[in-house]
Amino acid sequence: MKIAVLVSGKGTGLQAIIDHVRLGVLLNSRIIQVVSNNPDAEAIKKALSSNIGARFVEGVAGRRFSSPEEREKERSKFDDNVSSMFLKNGVELVVCAGFNQVLSDVFVRRYSNSIMNIHPAYNIEKFGGSGMVGLKVHEAVINAGENLSGCTVHYIDSIIDRGPVIIRVSVPVFKNDTPERLADRVAIIEHRTYP
């Protein structure tokens, strides 16, 4: 299977997938392209050091726009550029690994049931959706008094964090947890579960 990975940050999730492919845990799978919407993403270096083609394509995350229409126009440019690359390279599965940009409906329809994401909460229905990223998720879990969290791998559809669930894995939430400690514990499970 030819895999493309969308990234924005450190690339720890990407590295876990690279390692699982290299070790033969992911059979008949190959990462053929990594794309980042962040030119300074460490993930680009991780891909290149593993001899995987990696590129920066300017996206919309972190940018200001004069109108919602302008933002959507720029999102469409990103999606068109990336999907053209993926089609040219025969990509069969798109994996979002720490990717901080919502994909357009057009892109999602192009790769229907072929775009995966991982979210750092077991209960994605309660702790997912717009704005629920990174430490915000773990803080919300702790503030809600939950006794477990974890991660959810799901397909991406047109509603943020509501696509069909593939797998959920739980970790305990301890009384003295901070968002950072919980994030570290969830990350360990994410790096085992996602690949």
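Trainee: Which residue in β5 does V94 stand opposite?

Mentor: V94 stands opposite I115 in β5. Before going on, note that this is a predicted model, in which local features need pLDDT of at least 70 and side-chain atom pairs count only at pLDDT 80 or more, while totals for chains, interfaces and linings use all residues. Residues are numbered from 1 along each chain, and side-chain values use heavy atoms, without hydrogens and water.

β4 (93-96), a strand (a DSSP run of E, at least two residues), pairs with β5 (residues 115-119) in the parallel sense over three bridges, where pairing requires at least two DSSP bridges. Four bridges also join β4 to β1, again in parallel, and there V95 is the bridge partner of V5. Together with α4 (a DSSP run of H or I, at least four residues), β4 and β5 form a right-handed β-α-β unit, that is, with the strands pointing away from the viewer, the path from the first strand over the helix to the second runs clockwise.

As for the side chains of β4, L93 and V95 point one way and V94 and C96 the other, yet all are buried (under 20% relative accessible area, 1.4 Å probe, protein chains only). V95 touches I3, A4, V5, L6, I17, M116 and Y194, leaving aside residues up to four places away in sequence, a contact being heavy atoms within 4.5 Å. Finally, β4 is among the elements that cover the buried residues of α3, together with others including β1 (2-7), β2 (30-36) and α4 (105-110).

Terms used. Buried < 20%, exposed > 50% of the residue type's maximum accessible area, 1.4 Å probe, protein only.
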